[in-house]
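Subject: Structure handover and notes

Dear colleague,

Here is the structure I promised to pass on, with my notes on it below. Please read them with the model open beside you.

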Amino acid sequence: MTDGAVTAAHVLVAADKFKGSLTAVQVAERVTAGLRRVVPELAVETLPVADGGDGTVAAAVAAGFERREVPVTGPLGESVTAAYALRGTTAVVEMAEASGLQHLPEGVFAPLTATTYGSGELLRAALDAGARTIVFGVGGSATTDGGAGMLAALGARFLDADGRLVGPGGGALADVATADLSGLDARFKDVELVLASDVDNPLTGPKGAPAVFGPQKGASPEDVATLDAALAHYASVLGPEQAGQPGAGAAGGIGYGALVALGASFRPGIEVMLDILGFAPALSRATLVITGEGSLDEQTLHGKAPAGVAAAARAQGIEVVAVCGRLALPPAALAGAGIRRAYALLDLEPDPATCMAQAGPLLERAAESIARDFLS
């Protein structure tokens, strides 16, 4: 589209969360409020989005899925309440709900022992509810156990040289001598399991799960080396060919566990979620799309929600603008991603702490600017 106002406007707000400030649903509400302050009768449709990481279940619920809660085992072995989303025979399961960093006490990490056992329990709950298609969103994990905990919850047994069960977490995988998958839940043979992630890292190596994501889970350089060696050994027992597949390193290697033992197929998380959420019909009604997330940066361009939204809109010739807390992309990079212009909250309030605390009102102001620039 050319410069100037969009006529007969129908705005689609399809943004991700502003992590630490606003959920995707709250982002949509604030943007809508700001737009309508300038154009009161504006047609606005909201479709909160996610890319497979934390917030994926919330996005599905906002799109009409039913929220289901179950008690599961948290990453430190404690009981936590986790949610998944269900509509008909399709479930959206978010591993962070069971095994995410949000379940760790502040300042407490367990890089060598944190387990994905609860993620397996969450998958089993979805099966018990009748799911035949499961979108398994992986990201935001507190774990680096290659999905061994998840598989154990689903019936697998990992034994050391003396025939004893190995302990929880990635560090213990160095002791695995035998992987007995004969007890795995047989229902996975008849279920479509889609591994949805915004990362395509392999399991090990310089771009693998321990090296790239371990430090944010509290892993020291020594821990990273220990975990990398342990996961490499684990993969040599379970199946090394899948260790290099895209997505194997997602969420501390839980992607590998799903690929090698559960028959999962990998797809970029935002692509899967746009399909699940009904983005295509919503896009067909739009004349302007507003997307965004907390930080628009280099990572955004590699599979994050705003890039996926913008690519789909650009393919239909629909103009896209973005909102964000922090903008770290030059105009050329935004244009290359299909984003006409980005509105950053830090441009309105330069103090980061105040900006995060006041993200809601600031986002309404940014949306007012969008309405004046593109709609009035």
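The largest pocket holds about 1,300 Å³ of space, where a pocket is, on a 1 Å grid over the protein atoms alone, an open set of points where a 1.4 Å probe fits, with protein on both sides within 12 Å along at least five of seven lines, and where lining residues have an atom within 4 Å of a point. The volume is the space filled by probe spheres set on the points, with grid points joined across faces, edges and corners. Of the 46 residues that line the largest pocket, Lys19, Asp198, Glu293, Gln299 and Lys304 are the closest to its centre. Two or more lining residues come from each of α8, β10 (265-268), β11 (288-296), β12 (319-327) and α13 (352-357), the helices (H or I, at least four residues) and strands (E, at least two) being DSSP runs numbered from the N terminus. By class, the lining of the largest pocket divides into 15 nonpolar, 18 polar and 13 charged residues, with Ala, Val, Leu, Ile, Met, Phe, Trp, Tyr, Cys and Pro counted as nonpolar, Asp, Glu, Lys and Arg as charged, and the others, Gly among them, as polar.

Please keep in mind that this is a predicted model, in which local features need pLDDT of at least 70 and side-chain atom pairs count only at pLDDT 80 or more, while totals for chains, interfaces and linings use all residues. Residues are numbered from 1 along each chain as its sequence is written, and side-chain values use heavy atoms, with hydrogens and water left out.

The second largest pocket holds about 270 Å³ of space. It is lined by 15 residues, of which Ala148, Gly149, Ala152, Val166 and Gly167 are the closest to its centre. The elements that give two or more residues to this lining are α5 and β7, and the largest share, three residues, comes from α5. Nine residues of the lining of the second largest pocket are nonpolar, four are polar and two are charged.

Next come the helices. Helix α7 (residues 221-238) has 18 residues and reaches 26 Å from its first C-alpha to its last, close to the 26 Å expected at 1.5 Å a residue, the expected span being 1.5 Å times one less than the number of residues. Its buried residues are Asp223, Val224, Leu227, Ala230, Leu231, Tyr234, Ala235 and Leu238, where buried means under 20% relative accessible area, exposed over 50% and partly exposed in between (1.4 Å probe, protein chains only). They lie on the same side of α7 because they cover an arc of only 140° around the axis, an arc taken from the directions from the helix axis to the C-beta atoms. These buried residues pack against α5 (148-153), β7 (157-159), β8 (178-180), α6 (209-213) and α8 (250-261), with contact meaning heavy atoms within 4.5 Å. The face of α7 turned away from the buried side carries the exposed residues Pro221 and Glu222. Ala232, also found in helix α7, counts as partly exposed at 36% relative accessibility. Just after α7, Gly239 takes a positive phi of about 150°.

In helix α11 (residues 305-315), the buried residues are Ala305, Pro306, Ala307, Gly308, Val309, Ala310 and Ala313, and what covers them includes α9 (269-277), α10 (279-284), β11 and β12. Gly317, which follows α11, has a positive phi near 75°. In helix α8 there is Ala251, which has a positive phi of about 50° although it is not a glycine, and which is buried, with a relative accessible area of 9%.

Gly325, in strand β12, counts as buried at 13% relative accessibility, and, not counting residues up to four places away in sequence, Gly325 touches Phe18, Glu293, Gly294, Ala344, Leu345 and Leu346. Asn201 has its place in the loop between β9 (192-197) and α6, and counts as buried at 13% relative accessibility; with the neighbours up to four places away in sequence left out, its contacts include Lys207, Val212, Phe213 and Gln245. Gly77 has its place in the loop between β3 (66-73) and β4 (79-87), and is exposed, with a relative accessible area of 52%.

With best wishes
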